[in-house]
Amino acid sequence: ETLDKGLEKSKESFFGKLSKAVAGKSKVDDDVLDNLEEILVASDVGVNTTLKIITRIEARVAKDKYVGTDELNTILREEIAGLLSETNLGNETDFSIPSDKKPYVIMVVGVNGVGKTTTIGKLASQFKKQGLKVVLGAADTFRAAAIDQLQVWADRADVPIVHQEMGSDPASVAFDTLKSAVTQNADVVIIDTAGRLHNKVNLMNELTKIKRVMQKVIVDAPHDVLLVLDGSTGQNAFEQAKQFTLATEVTSLAVTKLDGTAKGGVVIGISDQFKIPVKYIGVGEGIDDLQVFNKHEFVDSFFK
Ligand code: GDP
């Protein structure tokens with residue numbers, strides 16, 4: 001229910017426009033497909049993924065000769081769920097983590113302003129609520145504000161944080177954090193990193209170094225590289241996904257600010273284009289406004 005609420009704008013936009021596009025039409029024809037294409041692009045599904053969906057529906061229309069507009073919902077649902085299935089486990093209902101990794105190390109990447117710190121705080125709170133012992137690492141040492149902000153969220157979630165001075169070596173902070181987590185017998189470590197995209201080589205080097213140094217403490221760390229993207233920024237989110245996947249091996253996504261956008265389609269396009277599962281979605285600024293991404297609920301919220 002909260003998901004529906006969070007995604008209300010996406011729903012209104014997508015479903016509302018779709019209904020208008022087929023109003024007065026009984027069958028799917030070129031007009032309807034053109035409109036659908038526009039709606040999908042306007043919902044930030046992305047051009048490639050939109051074309052993929054349209055092509056599949058065209059093929060279906062060609063095969064079945066007549067496809068009623070009343071069927072279009074069902075077909076679209078299937079197509080979208082199909083695209084999400086290719087990358088998403090999508091059946092998760094809670095914030096569980098694998099129990100065979102202790103501590104489980106999540107390295108969080110993303111550019112400033114996307115909601116990285118907020119997402120880390122929300123995640124820490126969810127893990128803590130499950131009774132897990134969480135440690136945060138402030139390895140975004142580039143801005144003093146980043147360390148302070150993470151501290152604020154650590155206090156809010158009531159979890160410890162490891163940090164050094166601004167300007168110190170991020171890899172050294174990550175190393176200290178893992179050492180401390182091992183000593184404390186922690187269950188989860190969440191490492192914040194700086195996301196300065198303007199220098200791609202630096203970004204790649206920095207993330208590679210952080211990983212290498214973490215592996216001195218925990219040989220297979222990080223277990224998850226979580227890229228945070230702002231779901232309200234459309235093409236920027238696609239571009240950031242591209243840059244970060246070039247810089248490091250991203251293993252999951254958090255898409256934030258889906259409460260404030262009419263463009264939740266970015267979730268569909270990005271999982272399709274990058275074949276990386278969306279694990280979490282942000283639907284507000286509060287500590288509880290993070291949800292585990294469930295593809296069935298997501299698709300439902302689009303079409304209800
Ligand atoms: P960072 O620079 O990437 O660490 O970004 P912050 O975590 O500081 O977040 C930037 C702004 O986005 C803050 O004002 C947050 O409250 C806001 N924000 C983060 N996640 C969400 C979300 O899911 N929904 C909304 N509406 N705002 C969010």
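This is a predicted model: local features need pLDDT of at least 70, side-chain atom pairs count only at pLDDT 80 or more; totals for chains, interfaces and linings use all residues.

**Exercise 1: an annotated span**

UniProt, in an unreviewed entry, puts the feature "domain: SRP54-type proteins GTP-binding" at residues 277-290. Work out how much helix and strand this span holds, and how far apart its end C-alpha atoms lie.

Solution. Start with the secondary structure: residues 277-290 are 0% helix and 43% strand. Then take the ends, where the C-alpha atoms are 16 Å apart. For context, the protein chain as a whole has twelve helices and eight strands.

**Exercise 2: the overall fold**

Decide whether the radius of gyration of the protein chain agrees or disagrees with that of a compact globule.

Solution. First, the expectation: for 304 residues, a compact globule would come out near 19 Å. Next, the model: the protein chain has 21 Å, so the two agree. Finally, look at contacts with a separation of 6 or more: 77% of them join residues 24 or more positions apart.

**Exercise 3: one aspartate**

Find out where Aspartate 192 sits, whether this residue is buried or exposed, and what Aspartate 192 touches.

Solution. Begin with the element: Aspartate 192 belongs to strand S4, residues 188-193. Next, check the cover: the relative accessible area of Aspartate 192 is 2%, and buried means under 20%, so Aspartate 192 is buried. Last, list neighbours, leaving out residues up to four places away in sequence: Aspartate 192 touches, among others, Lys116, Thr117, Gly137 and Asp140.

Note on methods
Residues are numbered from 1 along each chain as its sequence is written. Side-chain values use heavy atoms; hydrogens and water are left out. UniProt positions are given in the numbering used here, feature names are shortened, and annotations may be inferred rather than shown by experiment. Helices (H or I, at least four residues) and strands (E, at least two) are DSSP runs, numbered from the N terminus. The radius of gyration is taken over C-alpha atoms; the globule rule is 2.2 Å times the number of residues to the power 0.38. Contact means heavy atoms within 4.5 Å. Buried means under 20% relative accessible area, exposed over 50%, partly exposed in between (1.4 Å probe, protein chains only).
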